[in-house]
Amino acid sequence: MSDNAEPNTPHTGPATPRPRRLRRLLEIAWVAAAGLGFVAVGLTIADVPTTVRDFFIPGTQPLGIDDPMSSATNCSNCHAFYDDEREPYTPWAASMMGQATRDPIFHACLAIANQDAAFAGDMCLRCHTPQGWVSGRSDDPTGGNLTLTDFQGVSCSTCHRMVDPEYEPGVSPFEDISVLTRLTDLPQSPHNASFIFDHKDRRRGPFQLAFTPHQWLQSPFHREANLCATCHEVSNPIYSKQVDGSYRLNALDTPHETGNKYDQFPIERTYSEWANSAFAQGPIDMTGRFGGNDPFVSTCQDCHMPTTTGTGCDPVFEPPVRNDLPQHHFNGGNTWVLRAVRSLYDDYDTDLSEASVDASVARAVQMLQNASDLELYQSGAVLTTRIINESGHKLPTGYPEGRQMWINVRFFDGADNLIAEHGAYDPSTAVLDKPSTKVYEAKLGLDAWAANEFNKPAGPSFHFVLNNVWLKDNRIPPRGFTNAAFEAVQAAPVAYSYADGQHWDDTEFAIPAAAERAEVRVYFQTTTKEYIEFLRDTNTTNTAGQVAYDQWVLHGRSAPVEMDVASITLQPRCIGDFDGSGGVDGDDIAAFFTAWQAGDGSADVDGSGGVDGDDIGYFFERWQAGC
């Protein structure tokens with residue numbers, strides 16, 4: 001059977017099979033529209049005249065395999081339609097892994113990447129459609145040459161034909177020797193989809209199987225975080241790190257000089273964050289928060305593929321029931337794009353359904369809620385919020401553009417009236433009141449050199465292919481964090497500081513005088529208004545940016561997810577003891593006037609909602625009264 005054909009063998013298992021059709025018209029339309037506009041961009045009018053050689057990454061190269069990658073729909077004949085919750089296929093299809101090539105945000109970002117640097121799309125395609133890339137259909141960096149099965153994203157074959165680049169005698173499959181010796185350039189460190197694929201269709205996984213209808217090798221590599229690092233570390237190879245720590249453009253039309261990801265500009269360092277956390281030295285007992293059947297977690301797979309009790313293929317074939325069966329959930333923090341995919345593509349093409357998408361979104365929400373804890377403390381006129389990172393990497397992590405987490409604080413008086421709010425969010429406009437609260441985010445951009453070189457403004461930027469400086473990164477590190485270790489892997493905090501071992505962050509909010517209760521929430525948003533508008537307005541190639549924006553609006557403007565919520569009954573405040581020292585003295589006058597001159601909300605001692613002259617009179621009245 002051709003890999004580009006749909007299987008027509010009837011399913012013989014106990015469940016009713018989902019019908020399949022050769023209706024890929026929308027995917028073809030995407031490709032056709034992209035191809036018309038992107039080829040010219042990739043070859044002639046990009047801001048940087050890079051070539052595909054500038055984005056070279058070691059590992060298996062296009063056309064470097066003998067047996068074609070199998071379509072995921074072929075795999076579904078045995079690995080689907082019997083248990084939507086535990087089988088491998090349905091949860092995978094309802095994940096961002098399964099829909100990586102249909103993601104409208106990806107298409108919008110791809111267009112701008114190719115506008116910014118010629119052939120930059122090659123770097124994007126190898127992560128979002130590995131089977132299309134390795135099959136030689138990435139010559140057009142816009143994705144214009146992709147065929148039907150290439151839209152299956154990070155497919156079954158992508159992971160299950162991957163080979164550990166470091167052969168371990170007596171541990172790795174013996175067949176890996178022949179795979180590795182075929183390559184002249186092995187990856188130094190996993191990143192940017194530096195995958196090594198078995199050139200033959202020998203599939204791999206963590207279990208020893210007695211019988212399979214295809215070749216199968218037991219592979220410990222499939223339980224290791226190194227496998228995930230292949231795509232969840234992203235560097236820009238057109239830049240090289242300089243002695244002074246800055247990043248400058250390489251000589252063009254040539255691969256990166258060292259090939260070491262830590263010599264290139266860092267875009268994502270999720271794997272390195274984990275590798276320098278306590279989890280990498282684990283396992284750690286997370287008491288059921290992550291891990292499924294096993295509360296002890298260490299690797300990426302432990303949390304993102306939690307174990308369950310079930311079978312890896314249709315029970316009609318009498319497979320063993322396992323208590324450590326990894327679920328192919330792959331959930332992260334994305335809660336809206338799958339719904340956009342269902343709007344843009346037919347369910348027959350994607351194997352999505354309302355139920356499978358709802359289940360996937362629910363798992364993503366649960367993962368976000370498990371990723372942190374919130375604690376509240378009061379000290380005099382100050383409310384302290386503490387967010388504790390319970391994940392194995394920064395909180396939040398991953399692709400930094402458009403992602404943000406923030407604190408919402410609401411103060412209420414004795415009549416339960418809202419009298420002050422920090423971090424208010426308007427769902428009708430997707431506008432967040434950032435100045436009033438703390439937002440956890442990473443901001444990349446262009447330094448003065450890059451701004452001059454590419455004729456763009458210096459400072460924060462969403463042009464990820466051109467960005468060459470990190471301007472902010474206050475995301476909360478994982479347990480086990482040290483500044484030296486994170487500095488070594490290009491993941492240190494920027495314009496912020498954490499002490500070694502600190503995997504939490506405290507924020508202080510002034511308590512209004514009339515406040516008797518406070519509610520605090522922590523929110524996460526996948527796609528901000530600023531980012532989606534950038535994708536819409538900067539794309540001069542095609543309509544992908546407008547399509548992504550329209551879907552963003554249609555599906556709730558990437559509605560924030562409530563990660564944590566807590567409330568606190570506030571102790572009566574002694575206005576005269578403004579500095580909270582426990583006594584009323586001259587220091588309180590100085591502290592009050594400092595806050596009053598700054599317009600700080602804590603100086604609104606009369607609870608009027610504004611800082612004005614009436615607050616001075618009320619403060620001295622209370623100060624003279626001794627409280």
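Guide: A crossing is right-handed if the near helix is turned clockwise from the far one by less than a right angle, and left-handed if anticlockwise. The model is predicted, so local features need pLDDT of at least 70 and side-chain atom pairs pLDDT 80 or more, while totals for chains, interfaces and linings use all residues. Residues are numbered from 1 along each chain as its sequence is written, and side-chain values use heavy atoms, without hydrogens and water.

Visitor: In which hand does α12 pass α18?

Guide: Helices (H or I, at least four residues) and strands (E, at least two) are DSSP runs numbered from the N terminus. Helix α12 spans residues 337-344 and helix α18 residues 544-554. The crossing of α12 with α18 is right-handed.

Visitor: Are α12 and α18 roughly parallel or roughly perpendicular to each other?

Guide: Their axes, lines fitted to C-alpha atoms over the stretch in contact, come within 10 Å and cross at roughly 115°, with angles running from 0 to 180 degrees between N-to-C directions. Angles of 65 to 115 degrees count as roughly perpendicular. Therefore α12 and α18 are roughly perpendicular.

Visitor: Which strands stand at the edges of the open sheet of three strands?

Guide: The sheet has the order β11-β12-β21 with antiparallel pairing, where pairing takes at least two DSSP bridges. Each edge strand has a single partner, so one side of each lacks a neighbour in the sheet. The edge strands are β11 (372-379) and β21 (504-510).

Terms used. Angles under 35 degrees count as roughly parallel, over 145 as roughly antiparallel, 65 to 115 as roughly perpendicular and the rest as oblique.
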